[in-house]
Amino acid sequence: MAFTNQDLRKAGLKVTLPRIKILELLANAEHHHMSAEEVYKALIGQGEDVGLATVYRVLTQFEQAGIVERHNFENNLSVFEITQDEHHDHLVCDVCGKIIEFHNEIIEEEQLKVANEHGFKLSGHSLVLYGICNNQECKDSAK
């Protein structure tokens, strides 16, 4: 989902250059998930004069406004992604931290079935699968 300046205003946030730059970075991120440190390094790489504390503050504001989602995977690193309309789950590489989004209708149906069997009405869920990605370095280090 693409967020605009108007969306920032509707969320009660001023339209500032750091907010716009961070939104652009997250929206255009190759793998859709970035840590605050990655966002900070990318901004510095673009010649932006921004502090790491500002990046954390903006990401927290975006999370509270529903613009981004924070994921805390088992590597104890928070990553952020633009809130999406469609639900998805994640695969996370134990070696390099690569994150892959996926959607599988059979898994979704089975989760609903399990919830129903136990008398639960789901309000949401998060499925994260951990393993070793197909990167040769990751495969080699797992041996």
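Is Ile-100 buried, partly exposed or exposed? In this predicted model, in which local features need pLDDT of at least 70, side-chain atom pairs count only at pLDDT 80 or more, and totals for chains, interfaces and linings use all residues, Ile-100 is partly exposed, with a relative accessible area of 34%; the classes are buried for under 20% relative accessible area, exposed for over 50%, and partly exposed in between, with a 1.4 Å probe and protein chains only. Residues are numbered from 1 along each chain as its sequence is written, and side-chain values use heavy atoms, with hydrogens and water left out.

The protein chain contains six helices and five strands, where helices (H or I, at least four residues) and strands (E, at least two) are DSSP runs numbered from the N terminus. Along the sequence these elements follow the pattern α-α-α-α-β-β-β-β-α-β-α. The C-alpha atoms fill a box of roughly 50 × 40 × 20 Å, taken along the principal axes. Of the 143 residues in the protein chain, 28% are buried. With contact taken to mean heavy atoms within 4.5 Å, 46% of the contacts between residues at least 6 apart in sequence join residues that are at least 24 apart. The protein chain exposes about 9200 Å², of which carbon and sulfur atoms supply 50%; accessible areas come from the Shrake-Rupley method with a 1.4 Å probe, and for residues only the protein chains shown count as cover.

Lys and Arg are counted as positive and Asp and Glu as negative, whereas His and the chain ends are not counted, and the place of a charge is taken as NZ of Lys, CZ of Arg, CG of Asp or CD of Glu. On this basis, the mean positions of the 13 positive and 23 negative charges are 7 Å apart. Side chains of opposite charge can pair when their charged atoms come close. A search of the whole structure finds two salt bridges, a salt bridge being a side-chain nitrogen of Lys or Arg within 4 Å of a carboxyl oxygen of Asp or Glu. In one of them, Lys-21 pairs with Glu-48, and the closest N and O atoms are 3.5 Å apart. This pair links distant parts of the chain, since Lys-21 belongs to helix α2 (residues 17–28) and Glu-48 to the loop between α3 (36–45) and α4 (52–64), 27 residues apart. Lys-21 is partly exposed at 22% relative accessible area, and Glu-48 is also partly exposed at 21%. Glu-63 forms a salt bridge with Arg-70, with the closest N and O atoms 3.0 Å apart; Glu-63 is partly exposed at 30% relative accessibility, as is Arg-70 at 28%.

Surface patches are made of residues with over 30% relative accessible area and no salt bridge, like charges being joined within 9 Å and nonpolar side chains (Val, Leu, Ile, Met, Phe, Trp, Tyr) within 5 Å. Glu-105, Glu-109, Glu-110 and Glu-117 form a negative patch. Among these residues, Glu-110 lies in helix α5 (residues 105–117) and is partly exposed, with a relative accessibility of 41%. A nonpolar patch is formed by Leu-91, Ile-100 and Leu-129, which together have about 200 Å² of accessible area; Ile-100 is located in strand β4 (residues 99–102).

Gln-64, in helix α4, is exposed, with a relative accessible area of 68%. Gln-64 and Asn-135 are 71 residues apart in sequence, and their C-alpha atoms are 35 Å apart in space.
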